[in-house]
Amino acid sequence: MEKREIEAAVSRYLAERGLERMALKAAMFDMDGVLFDSMRNHARCWHETMAHFGLDLPEWEAYMHEGRTGAGTINLVSVRQRGHEASEEEIHNIYKYKSELFNQCPKAERMPGAYELLLKVKASGVVPMVVTGSGQMTLLDRLNRNFPDIFKKELMVTAFDVQYGKPNPEPYLMGMEKAKKWMRSHGDDGDLLPNHFVVVENAPLGVEAGVAAGVFTIAVNTGPLPDEALLTPGANLLFHSMHELCDEWEKVMECLGDHK
Ligand code: MG
């Protein structure tokens, strides 16, 4: 990507938001499909589960719903196919089946390029954070094992923190609050605004959440969806892999960094 394309995206963002400049301090990373190559397992399990219960959800479409709650996805398919929502019991059974299937899948690998990018982010003085709808108990352990010395517990937002989840801006707004608190306790004045952050997302609903939180949102299209699926909800920049974003990070920092 040319530097002037990044500059143009930044100018558009600042003009739309009535902001003067970017001054990046923290980067909020989504987890599934960004840090871990876990989406193909999720998509396949959703498809197989729905088929088991007589419902139709193609694998590619599961990527469109990434970030929705299990109940949300089940109801959407149920209404479309049967004209009514699923009962509590159906939701419970379907989601249980999907979770069991998912737990049998091999553990997802680190997304290629993700660790290299995180090292660069940290070295450039930007604080890396995780904002995910996932609620696995072992999340922090797993992140620490795969990305040693990168993340801190106080700087993570998970399913346990939020009420609504993406595409609601809540998880990213909460990430900004946690960053403020953390920076204040580390001697910064803690007056953080949306222009001090970026969001890195792979899912249409995740991009929607980042944009709704007022944050400059970088889409990384690591799945089978067309780029349009991420650009339409308002992604400010789009890369096709974490490797690509990693290779371009210096240019991104030149345009988004804190240049007083
Ligand atoms: Mg994701």
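Start at Asp32: with a relative accessible area of 12%, Asp32 is buried (under 20% relative accessible area; exposed is over 50%, partly exposed in between; 1.4 Å probe, protein chains only). This is a predicted model, in which local features need pLDDT of at least 70, side-chain atom pairs count only at pLDDT 80 or more, and totals for chains, interfaces and linings use all residues. Residues are numbered from 1 along each chain as its sequence is written, and side-chain values use heavy atoms, with hydrogens and water left out.

Next, select the magnesium ion. Asp30 (OD), Asp32 (O), Glu66 (OE) and Asn202 (OD1) coordinate the ion at 2.0 to 2.2 Å. Donors are N, O and S atoms within 2.8 Å of the metal (3.2 Å for Na, K and Ca); water is not among the atoms, so sites may look incomplete. Along the chain the donor spacing reads D-x1-D-x33-E-x135-N. Asp30 is buried too, at 4% relative accessibility.

Now show the sheet. Six strands form an open sheet with parallel pairing, in the order E3-E2-E1-E4-E5-E6. Strand E3 (156–157) and strand E6 (237–239) stand at the edges, each with a single partner strand, so one side of each has no neighbour in the sheet. Strands (E, at least two residues) and helices (H or I, at least four) are DSSP runs, numbered from the N terminus. Pairing requires at least two DSSP bridges between two strands.

Zoom in on strand E2 (residues 127–131), which pairs with E3 over two bridges. Val131 has Val157 in E3 as its bridge partner.

Finish at Asn75, in helix H4 (residues 70–82). Asn75 is buried, at 14%. Beyond neighbours within four places in sequence, Asn75 contacts Glu85, Ala86 and Ile91 (heavy atoms within 4.5 Å).
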